[in-house]
Amino acid sequence: MAIARKKSKTTRKSIEVVLVKKRKKISTALSLGSIVVFILFGFFFGYFLSKARATDYDAIRDMFLAKEFQLYGVIGMAILVVAAGLFLTHRFKKPTLSGKALDWETLKFEPNRLIGALLFGAGWALAGSCPGTVITQLGEGKIFAVFTILGIFTGVWAFQKWQPKDSNNSTC
Amino acid sequence: MFLNKMNYYFHQASLNLFVNSWSWWAAGLGIGLTALTLAWFMGKRLGVTGGFAEACSLVTGSASSSHWRIWFLVGLPLGGLVATIGQWNWTLTYGGLDALTYGVSWIKALWLFFSGIMIGFGARWAGGCTSGNSIMGVALGSKMSILATIAFMAAGVIVMNILFKVVL
């Protein structure tokens with residue numbers, strides 16, 4: 001009797017696993033068209049990052065040494081454009097062309113996250129690149145960007161091991 | 001005469017498209033419009049570190065929603081390639097970092113690897129990197145993102161000043 005109950009439990013478990021796997025497959029499927037569109041968005045983002053000189057170590061250095069306005073202007077301009085565009089979408093309550101409402105949750109304030117932010121800022125200055133620009137550098141032929149990318153993967157992996165339930169998936 | 005002028009303009013345009021960098025407002029406008037159209041047309045929120053995390057979870061096999069950010073990452077180097085294709089070549093140099101690492105390759109590689117760990121770990125902890133927090137978060141008026149951006153900049157200014165005014 002006990003054995004039979006055990007068996008049924010395990011079969012139920014395996015059925016659940018199969019169901020979860022099936023659900024995963026459905027949710028991860030992206031159509032070929034949307035894959036191409038996302039690659040195109042990445043293409044333009046990388047193109048403009050490169051044009052902004054955000055992929056140039058010396059430009060990052062001169063930003064942090066306050067010798068050059070360039071990258072402060074780039075970040076400021078980008079924030080302004082996005083903020084104005086999203087404000088207009090909300091103001092006139094227009095549905096976006098994707099049909100989804102833009103009601104993203106923003107991150108809750110947690111003082112701990114500022115330690116991570118300081119760590120990121122220090123790494124940004126040491127490597128002279130952030131996660132977006134370092135991948136773009138690969139396309140520009142800067143071979144040493146590979147080491148930064150390996151480091152970022154290690155750091156991201158370590159954080160997932162340390163805080164597997166961190167709820168920042170909505171932002172980045 | 002007319003052909004000469006046309007030739008000149010064509011040359012200038014191709015220089016600006018495939019070699020030269022742009023002024024801050026033009027490049028910033030491009031980055032902003034890319035993020036904005038991504039939100040408008042696809043309903044997605046820009047974030048590069050999330051792409052790293054998705055790629056990581058693909059390897060380790062844990063669950064994640066759709067992997068659109070990975071495809072976004074695939075596009076990035078193509079953009080960098082086209083932006084510089086007029087003078088493109090493989091290079092082992094890394095600007096001002098070469099002087100800091102005495103031109104020794106393995107020091108530079110280790111330096112970049114360990115800074116990369118700080119970038120990846122810190123960005124996940126802060127809840128986003130320059131794209132997710134400083135551009136999207138600040139544009140959405142998130143208090144956390146604004147404070148995180150101030151912390152990014154403060155740490156960057158301090159470390160860079162130590163590197164180039166004290167160490168070098």
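The largest nonpolar core has 92 residues, and those touching the most other members are Val74(A), Ala78(A), Val82(A), Phe120(A), Ile31(B), Ala35(B) and Ile135(B). A core here is a set of buried Ala, Val, Leu, Ile, Met, Phe, Trp, Tyr and Cys residues joined through C-beta atoms within 7 Å, with buried meaning that 20 or more other C-beta atoms lie within 10 Å of a residue's own, C-beta atoms being placed from the backbone. Keep in mind that this is a predicted model, where local features need pLDDT of at least 70, side-chain atom pairs count only at pLDDT 80 or more, and totals for chains, interfaces and linings use all residues. Residues are numbered from 1 along each chain as its sequence is written, and chains are lettered from A in the order in which they are written.

Take Ala78(A): leaving out residues up to four places away in sequence, it touches Gly28(B), Ile31(B), Gly32(B), Ala35(B) and Ile135(B). Contact means C-beta atoms, placed from the backbone, within 7 Å.

Now zoom out to the interface. Chain A puts 100 residues in contact with 105 of chain B. On the chain A side, α2(A) gives the largest share, 16 residues; helices are DSSP runs of H or I, at least four residues, numbered from the N terminus. That side divides into 60 nonpolar, 29 polar and 11 charged residues, where Ala, Val, Leu, Ile, Met, Phe, Trp, Tyr, Cys and Pro count as nonpolar, Asp, Glu, Lys and Arg as charged, and the others, Gly among them, as polar.

Finally, look at α6(A) and α7(A). Their contact involves residues including Pro131(A) and Val134(A) of α6(A) and Ala145(A) of α7(A).

Conventions
Contact = placed C-beta atoms within 7 Å. Helix = DSSP H or I, 4+ residues; strand = E, 2+ residues; numbered from the N terminus. Buried ≥ 20, exposed ≤ 12 C-beta atoms within 10 Å, placed from the backbone.
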